[in-house]
Amino acid sequence: MATYVRPAVGRFIDGLKYDGRFIGGHTIEYAAFFDDLLTYNCARFVVKGPLIIYPISVSLIGLKHRERYLKALRKALQRFDVIFVRGRCSYDIPTKFVDPSRLSVTLDSGFGIRILAENTGNFVGKRSLVVCIVPRSNYFYFYNLSQLYPRYLLTLKHLIRVLISEFDVEIWLVPHTVKSSTRLGDEYAIHDLLGDPR
Amino acid sequence: MAPQNIFDSARIFNSCDMVVTSRMHAGIVSLAYGKPTLFFMPRDDVKVLDILSYLGLSEERYIIDSFNPREYDKLSVIRNLDKTVKRIAGEHMGHAYAKLYGFRAVALRYANVVGPKLRHGVVWDFTNEPLRNSTEQVILGDGNQVWSYIYIEDAVEATIIGRTETSYEVYNTGSEDWITVDEIACKSKRWA
């Protein structure tokens, strides 16, 4: 049955068979706030065992924008057995919502990449000093700061000029999001940076 | 180049010498590979503070707050970013060079250096302006700007002490106290 309907719904009808659930690292922020709430609440319905979240950050800016829904967030977070947060500052915020004994601080999963891929290898043909630049656009659109986006691009362009002229480096523009068809992907930020409207 | 997954990103960061990132996660991955990383982020991001805290770095030393978009006009955003980003980028490039070519590097962040041969700046203007024009003294801004100063001999001493045994280090080279422009103006009146 679970094969033919959405797994979560299937499991729910099938009798709450999940023994535990692990929700991966993310930030509780403005844009994905309601998606996160939905995920947390649904998770509790389909899991009879421990529910663990690892590791999260809490964006102060995001919470300010979603101040009206803090009660809902508190309820959702209280459903978890263990909450890992990324650091001391993220730890302080959820202590207002949940029992501190359920909270714990851990290292960001980004550091774990090195354990999984120690020898990633280098790109062949790299001759000079290389600076990798990861731009973004979504922040400016999420928080209604799109009027500042051109200034951000302008400054980044200026930084690139300075790096090239004063340090003689090679610049790599690298997106850090998977291919996205919306304006919020990093690839669009790169095209904006290069002055190539899409 | 477009990475298809997180391992591609890791490979790219591992291949480069320095990363400038507006995405926190990208910065963390690059830090994991030991690359000098310049976070070019909007302010108030708790994640930045988290990363600093578990890397054991102080907020005062590593956060240059010049990108508070709500408080700056267009020109000042660019001017402030231009100055600070250039400076930080320079420091990180020093780190990258030191690592790549195996030499030691130290970045010294000087406060406003003052001393006998000073020929520009607020202190120079206030102590010399009254001699040329005794009727008025011009203060740029509201006079409440706070600056830290260091005497030239102390700056030289700090530069000599700053030579480090580790591969890369950053030092704030200034005094612990600070003074407002208004206070300098009052004191310079007394000196004049």
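This is a predicted model: local features need pLDDT of at least 70, side-chain atom pairs count only at pLDDT 80 or more; totals for chains, interfaces and linings use all residues.
Residues are numbered from 1 along each chain as its sequence is written, and chains are lettered from A, with ligands numbered from 1, in the order in which they are written.

Staying with α9, which covers residues 186-193 of chain A, its buried residues are Asp186(A), Tyr188(A), Ala189(A) and Ile190(A); by buried I mean that 20 or more other C-beta atoms, placed from the backbone, lie within 10 Å of the residue's own, with exposed standing for 12 or fewer and partly exposed for what is in between. The cover over these buried residues includes strands β6 (130-134) and β7 (170-173) of chain A. Helices and strands here are DSSP runs numbered from the N terminus, helices being H or I with at least four residues and strands E with at least two.

Chain A has nine helices and seven strands, and of its 198 residues 27% are buried. If we take the contacts in chain A with a separation of 6 or more, 66% of them join residues 24 or more positions apart, where a contact means C-beta atoms, placed from the backbone, within 7 Å.

How do two of these helices, α2 and α4 of chain A, pack? Helix α2 (residues 33-46) and helix α4 (residues 70-77) lie with their axes 9 Å apart, at an angle of about 35°, the axes being lines fitted to C-alpha atoms over the stretch in contact and the angle running from 0 to 180 degrees between N-to-C directions. Leu37(A), Tyr40(A) and Asn41(A) come from α2(A), and they meet Ala72(A), Leu73(A), Ala76(A) and Leu77(A) of α4(A).

Turning to chain B, the axes of α1(B) and α2(B) come within 9 Å and cross at roughly 55°, and the two helices are therefore oblique to each other, a word that applies to angles that are not under 35 degrees (roughly parallel), over 145 (roughly antiparallel) or 65 to 115 (roughly perpendicular). Here Ser9(B), Ala10(B) and Phe13(B) in α1(B) meet Ala26(B), Val29(B) and Ser30(B) in α2(B).

Phe13(B) brings us to the largest nonpolar core, for it is one of the residues, along with Val131(A), Cys132(A), Cys16(B), Val19(B), Val20(B) and Val29(B), that touch the most other members among the 35. Such a core is a set of buried Ala, Val, Leu, Ile, Met, Phe, Trp, Tyr and Cys residues joined through C-beta atoms within 7 Å. The elements giving two or more residues to this core include β6 and α8 (149-167) of chain A, as well as α1, β1 and α5 (74-101) of chain B, and α2(B) gives the most, with six residues.

Lastly, where is Asp17(B) placed? Asp17(B) is in the loop between α1 (6-15) and β1 (18-21) of chain B, and this residue is buried, because 21 other C-beta atoms lie within 10 Å. Leaving aside neighbours within four places in sequence, Asp17(B) is in contact with Leu129(A), Val130(A) and Val131(A), and also with Ala96(B) and Leu100(B). The C-alpha atoms of Asp17(B) and His92(B) are separated by 9.7 Å, although these residues are 75 residues apart along the chain.

How values were computed. Two residues are in contact if their C-beta atoms, placed from the backbone, lie within 7 Å.
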